[in-house]
Amino acid sequence: MKGPRSGRGVRPRVVVLRTAGTNCDLETVHALQRAGAEAERVHVRRLAERPADLGRYAILVLPGGFTYGDDVAAGRVLAVELRARLGDALGEFVAHGGLVLGVCNGFQVLVRAGLLPGGPAALGPEPQATLAANESNRFECRWVHVSVRGGGSPWLPERDEVWPLPVAHGEGRFLTRGPAVLEALEREGRVAFRYVDERGRPGGYPANPNGSAHHIAGVTDPTGQVLGLMPHPERNVEPWHHPAWTRLGVRAAGEGLALFRRGVAAARSG
Amino acid sequence: MSEVPRAEAPPTVHRVEVVYRDEIPDPRGRAAATLLTEAGLRGLECVRTARLYVLEGASDPDRIARELLVDPVVERHAVDAPCLPEKGPQTRVLTVVRRPGVMDPASASVRRGVHDLGERVEAVRTAWRYYLMGELDDAAERLAIRVLANATVEEVLVGPARVPGSLGQRLPPGRSAARVSLNDLEEDALLGLARGRGLSLDLEEMRAVQQHFLRLGREPTDVELETIAQTWSEHCKHKTFAAPIRYTGPEGRREVVDGIFRTFIVAATRAIAAPWCVSVFEDNAGVVAFDGPWCLSFKVETHNHPSALEPYGGAGTGLGGVIRDTLGTGLGARPIASTDVFCLGPPDLPALEVPPGVLHPRRVLRGVVAGVRDYGNRMGIPTVNGALVFDRRYAANPLVYCGSVGLVPRDRVAKEARSGDLVVAVGGRTGRDGIHGATFSSAALDESSETLSSGAVQIGDPITEKRLADAVLAARDRGLHRSITDCGAGGFSSAVGEMARGLGAEVDLDQAPLKYPGLGPAEVWISEAQERMVLAVPPAALEGLRALCAEEDVEVAVLGRFTDSGRLVLSWHGETVGDLDLAFLHEGMPRPERVARWDAPRRASTGTGEGRTPRPRRPSGEVLLALLSGWDTCSREWVVRQYDHEVQGAAAVRPLVGPWEGPSDAAVLAPLAGSRRGVAIACGLAPRYGDLDPYRMAACSIDEAVRNAVAVGADPARIAILDNFAWGDPSDPATLGALVRAAQACHDVAVGLGTPFISGKDSLNNVYRHEGRATAIPGTLLVSALGVLEDVTRSITMDLKGPGHRLHAVGLTRDEVGGSAWGALEGLEGGEAPAVDAGRARAIYAAVHQAMGQGLVLACHDASEGGLGVALAEMALAGEAGLEVDLGRLPVDGDLDDARRLWSESASRLLLEAAPEAAGALEACLAGLPHADIGATTASGRLVVRGTSGGEVLEAPLEALREAWRTPLGRALEGGSP
């Protein structure tokens, strides 16, 4: 198998994986293209037929949606499919420096497959974390603030920042299998996104919209190459995406674009 | 017919039960406990829930459980054993399982996961178990069964022993085609036949059918009879809207209306002759030009009767159905937004006042919101606009409107099946679901509807529809089909019958893929199983379509072909079971004349200037808080948050705006990546005015929808509208007279505003009969508006932007408190409903749009329900900005007291926030129109209103207004999903 290096270049190649129920693929492709990537939607079935094709890309993105209806649990059925059909290819992809991003349902898939927070070594049926039903027991769509941890991942800015991003999910409550997993994530600086209030401080509902432990909204694997988050950066890309743009004025771009730009830049130079 | 096949030795059945770990709170259990307590269950201590998977022929149930079904971080499981103690004085166990034949979407996903694990399973069924803990007697158990399950689609197994066993579908086998003896029947027998078969045809129609077959010299088959009944149903043919009507109007004026639809709706669109209308009244949705090669489509449907019986499934499949209308517009439009409007009984309706056999409005509301949520969110289509209207008369006949907006390339709007094209079914399989939906939805409800019509109610499967959508849009882009339509009411019979119009078709009904064996040809033909569409495919394109659908995991079945015979020929395993003349099918329906009459109700005065002493009234501050917290005005946040209104990344103006999240007038989307062209989506409805005058009701509905679109920045010269009537029994001349009068207003106001109708639909017979008494809904017209914005970054939101700005009122306030929210609050009878001066409204909207284009407008909001007072409060609380207003400066007609200035609901009024230095330019835009600077925004954190005498008539801190407005609905409905 060729390494993901072959997907690099001025416009790094990105595969946006889709299947039945994926529904944020088009806007995710748009955000990636705005960030300078060459993004392509590929059905998981086609990739599973030729797992080595993953090596043609520099970045793999699992977009939001309700894959297979989120039946059983959000992202579970696709996670089983990835493990069974693309597990080895995924491990190799990350080992060769490939970047992986999972947003919302994509994050749920990565966690259920074990790729987050443990990385390729943890791919398997014994996940160390989960995204459980929101404490409210309801799907909720709202804008939140997240503090972004600077550094530590090619996806993230160099310095800590606070971004407004929308969440839209019913199962986003990040919990781990025992406190040790949580402590390790904190110790190793792998909590990439944390729900905060507009002043940047952690708070209860609705600042933390789902009851996540330690207000966690997104994490990386030990290498930092694999990132998953519940909020939707691809929905804060255009000047008019921010919910208060009619008060703040029209900006050049939304904060979410920075994430895609960082990832694409890393793939370009890496 | 063959029986359901059964294996000699049934495969082993295993049960996997999954619960939250004991230390993890069970949110679903907590929600169930809230519902049960609210329903009056006493002695309940707690509820725990378990998901139950019944696996038939599973190779390794424990591994399947561990690696697929259980989340080890928060859950635990047991195989063939309960997870929690089932027995004991303090525990009652209820297992809720879907009835045979009702869709269980999770089943297919579990099978896929099992397969990916390398394991085997033959069949999967899922259920929920509720462990109720506490001192509960049998009566409590019976109550719990009613609350936790809907008998229409679910059954409840009580106690530990009763668990679903074999998965064999316990369905009666289908009848094969049969001749029906029709030709010798007399009047009573004809009607008896129609009723017995649930055909919803009246005597005259049955006679026309009889005449037709007498001429042919043969009896019809059941398939033929069903086809005619489906095609001629009110739902499909809109008989009332097409019928000639002898109408007696006010002052006894008589006229003959040659069809409401043609005379008022189509005529208005023709008169306006907007060059940007691309396809109107022809296709599954109306189509207008949008941006370069792109067009927009819009369609709104009702799904009232199914939603009354099973709100979750009814609303979900209602949305699913209208989304398929979008997919079936032109050669396929991409759904980009959904709308939903619910008209329901008030959430606090006392249980004793809920009519027999009817679900409580709270349960209906929770169910319909969850239905729209699950279908729309899973499809990935943002639900961006809607409304809630509450009235006791909707309690037995709730209205559920769902709308869908699509994007379609201009060169994919035209469609035409050709002789020789294949009739191809794509999407879900056909089952016994929804048999007789079209005829059922055309009849009235009564207390027995719940048990009799369960076949007409279904649960949707949005992921099947999402796959179907992905496949259809790809097929459109590759040019693989020449025509497409969705299977809605009437199923294949309506879809194929419609596409074959002017051509002919031969259909092999046995080629349709079935969910389970045992269906007869008539059932296949009229089944309303969801998530199916019919394509006309040139034979050369079939392989391409098959390959594409295989990739998207969508089933394809060739049912037959289109011909040029003018006949619809149906066969079943080689035998002809139907042979109908398409001309008779589509044009043979009798068009009897109807009688309609409208008498103006006697008006009572509401007090001003006519010598009557008004009763002592509440102070304005108190009125404002009561209106803001009233069901018709209070925040819809509880609903809005459950819908993904951000998916597809196109949102520019959302349902809630401003730092304190006030009610937006309309939604704005930028649906094309890389383009700033925007689409505004709005609605208007005002059923309360209809009691005074249906003409004004309809006029205000249109005016409100258009005004809402203008308020966010839509170009008033580029607004298309949709009419969706929901009415009572049209055989009652007064009810039909009110409909005629409402339709007249549709014509006059649409022409006056220059906003063409592009699509519409009607739902009649919204009547509930009980013990000889009939309750009808108030005649309701939903108007939906679709507007275009040159540039979404010029959109305006309704939240005040900050202190130091001026507030301008545009439009005239008159003594029009009839049917107003204030009138209802104060118990005032009669009065004038707001009248619309369409010419002036048009001028106002053009002028306001011009001012917006010049960047003069900082915020804009319409004044409608609750009048100026509520509009002021909403703008202030949304923007967290103080406001000081002088009622003496308000442009009014005549001598109006302060209360009327505040609460009158006169039409066509907008409030604008503008910088002080914009006054001159704004004046230039608004010259000649009623308008005035009525106040200023402040940093005081208060809303202050001065009356005509100069004194304060209203003064309230914003926090109080916000609290009153924000909380009522959530508080009434908190408790989670049903």
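## Aromatic pairs

Over all chains, the count comes to eight aromatic pairs. The model is predicted.

Phe66(A) and Phe139(A) make a stacked pair. Their ring centres lie 6.3 Å apart, with 25 degrees between the planes. This pair links distant parts of chain A, 73 residues apart. Phe66(A) sits in the loop between strand E3 (59–62) and helix H3 (76–95). Phe139(A) sits in the loop between strand E5 (129–133) and strand E6 (140–148). Phe66(A) is buried, at 12% relative accessible area. Phe139(A) is buried too, at 8%.

## A pair and a cluster in chain B

Phe261(B) belongs to helix H10 (residues 260–272). Phe281(B) lies in the loop between strand E9 (277–279) and strand E10 (286–291), 20 residues apart from Phe261(B). Phe261(B) is partly exposed at 33% relative accessible area. Phe281(B) is partly exposed at 25%.

Phe241(B), Phe725(B) and Trp727(B) form one aromatic cluster.

## The contact between chains B and A

Chain B brings 71 residues to the contact, and chain A brings 57. About 5,200 Å² is buried between them, 53% of it from carbon and sulfur atoms. Val73(B), Asp116(B) and Arg641(B) supply 12% of the area that chain B buries against chain A, more than any other three residues.

Ten salt bridges are counted between the two chains. One of them joins Asp644(B) to Arg235(A), with the closest N and O atoms 2.9 Å apart. Polar contacts involve 28 residue pairs. On the side of chain B that touches chain A, helix H3 (residues 105–116) of chain B gives the most, with eight residues. That side divides into 28 nonpolar, 17 polar and 26 charged residues.

Technical notes:
Residues numbered from 1 in each chain as written. Chains lettered and ligands numbered in written order. Predicted model: local features only at pLDDT ≥ 70, side-chain atom pairs only at ≥ 80, totals over all residues. Heavy atoms only, no water. Contact = heavy atoms within 4.5 Å. Buried area = accessible area lost by both parts, 1.4 Å probe. Salt bridge = Lys/Arg side-chain N within 4 Å of Asp/Glu carboxyl O. Polar contact = N/O pair within 3.5 Å; in protein donor to acceptor, adjacent residues only side chain to side chain. Helix = DSSP H or I, 4+ residues; strand = E, 2+ residues; numbered from the N terminus. Nonpolar A, V, L, I, M, F, W, Y, C, P; charged D, E, K, R; others polar. Phe/Tyr/Trp six-rings, centres within 6.5 Å; stacked < 30°, edge-to-face > 60°. Buried < 20%, exposed > 50% of the residue type's maximum accessible area, 1.4 Å probe, protein only.
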